[in-house]
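Thanks for coming. I will take a few minutes to go through one model, starting with a pair of helices and then moving to the sheets.

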Amino acid sequence: MRKLWNRQTNEVFGESGMFADKDYVQLMFPARKIRRVCCPALNIEYVEGKDWCHEPESGRIVRTAESAIPFWDDAALHPPDTESRYYPDPAANAVGGGLDGRNLRFDAGDLFARNQIEIDYQAESIDYAVKLPEQTGRLPRFRERLKRPGAACRISWLGDSISEGYNASGYLHKPPFQPAFAELSAEGLREAADVKIELLNRGLNGADSSYPLSRPEIFRGDHPDLLVIAFGMNDLLCDGGTAKYLDNIAEIIRLNREVSPETEYLLATPMTGNPMRNSTKLELTAAFARSLRGFAAECPADTALADLTAVWCKFLERKNFFDLTGNGVNHPNDCGHRILASGILNVLAPDFFPFHEP
């Protein structure tokens, strides 16, 4: 897995950005030297001075007036009704439900990727620090297995379209063919622990936390060492709120324990969606994340929490939503999938990718 950065050298790899109704992209960290600005989806490298300039004092990449880098104005981000096809139309380019009543740009393919950039640079310092609970005492059986070189580990993964891989370039069979975050997490574990990871990805587009209960056969026969449960984005739209969400997760665990008592569990809070859409307002995701944090804290040591909400929102303190989106609404782009995978690996292999005070 390509890491987000290297703390020893301060090199940052493939940080994404988009010129969405603004002529600059904010970098996560002050940059000492910009190595490359490119669009992997188009296999284009953009030229300093001609297409972009670096403003060290503001920590920004600025688009020049004659730049070949795409720019989306407000009209492109909010297509009018007369020009909109709405999801779930296969040719959908919009969803409704904007906070201001307008449509929001949507794309199920690689449209956003082809209009975004990735930046490689050497940072002055990497001051990313998200406070996550220490959990090395949790998942004892899985952690012990990771210490045995060549050991076989089976991971079963329940989730929605984000887990399935939507808008990751590899899932779309588009350049640069990066796997989605479940596969990246497995790849990172193989690198970190020299173990044989078998991943059974049961993620499904449109699924919420009730789906495995309607089809328990999709996971009860897996008998994994670790069961990842990564729902939340679609649960925002369901009746019953956080109480039903937690009940569903508890029932998934209960049903699996009946047939696989040695399995351990990793519960993942969701990333945030477009903050300008009613159904993905930040406060809704925050409420679901809080509820799962509390639930996980009361679970026995065979259960741990991957607080992907906290990891994701720390990026949004400096990055724009459009820098990280894959579909304009509720999916990550390639960089976003790497962020989510890093959040998973921070729990399972914290020495491989730590999030801590520098």
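Helix α9 passes helix α10 in a right-handed crossing. A crossing is called right-handed if the near helix is turned clockwise from the far one by less than a right angle, and left-handed if anticlockwise. Helices here are DSSP runs of H or I with at least four residues, strands are runs of E with at least two, and both are numbered from the N terminus.

Before going further, the ground rules. This is a predicted model, in which local features need pLDDT of at least 70 and side-chain atom pairs count only at pLDDT 80 or more, while totals for chains, interfaces and linings use all residues. Residues are numbered from 1 along each chain as its sequence is written, and side-chain values use heavy atoms, with hydrogens and water left out.

Back to the helices. α9 covers residues 241-259 and α10 covers residues 282-297; they pack at an angle of about 40°, with their axes 10 Å apart. The angle makes α9 oblique to α10. For the classes, under 35 degrees is roughly parallel, over 145 roughly antiparallel, 65 to 115 roughly perpendicular, and the rest oblique. Axes are lines fitted to C-alpha atoms, for helices over the stretch in contact, and angles run from 0 to 180 degrees between N-to-C directions.

Which residues make the contact? On α9 they are Gly241, Thr242, Tyr245, Leu246, Ile249, Ala250 and Ile253, and on α10 they are Ala287, Phe288, Ser291, Leu292 and Phe295. Contact means heavy atoms within 4.5 Å.

Next, the five-stranded sheet. It is open, with antiparallel pairing and the order β1-β2-β10-β4-β5. The edges are β1 (5-6) and β5 (44-45); each has a single partner strand, so one side of each is left without a neighbour in the sheet. Two strands count as paired if DSSP finds at least two bridges between them.

At residue level, Trp5 stands opposite Val12 in β2, and Asn6 stands opposite Glu11 in β2. Glu11 also has a bridge partner in β10, namely Gln122. The hairpin of β1 and β2 has four residues between the strands, and Asn10 takes a positive phi near 65° there.

Is β2 enclosed or open to the outside? Six of its seven residues are buried, so β2 is largely enclosed by the rest of the structure. Buried means under 20% relative accessible area, exposed means over 50%, and partly exposed lies in between, with a 1.4 Å probe and protein chains only.

Trp5 comes up again in the packing. The largest nonpolar core has 90 residues, and of these Trp5 and Tyr121 touch the most other members. Helix α13 supplies the largest share of this core, eight residues. A nonpolar core is a set of buried Ala, Val, Leu, Ile, Met, Phe, Trp, Tyr and Cys residues joined through side-chain atoms within 4.5 Å. Not counting residues up to four places away in sequence, Trp5 touches Glu11, Val12, Phe13, Phe29, Ile126, Tyr128, Phe315, Phe353 and Phe355.

β3 and β7 (residues 60-63) pair over three bridges, and Gln26 stands opposite Arg60 in β7.

Most residues other than glycine have a negative phi, and most peptide bonds are trans. The bond from Tyr87 to Pro88 is cis, with omega near 15°, and Pro88 is found in the loop between α1 (74-77) and β8 (94-95). Pro175 and Pro176 are also joined by a cis bond, with omega about 5°.

His173, in the loop between α5 and α6, has a positive phi of about 60° and is exposed, with a relative accessible area of 66%. His223 has a positive phi near 50°, lies in the loop between α8 (217-220) and β13 (226-230), and counts as partly exposed at 43% relative accessibility.
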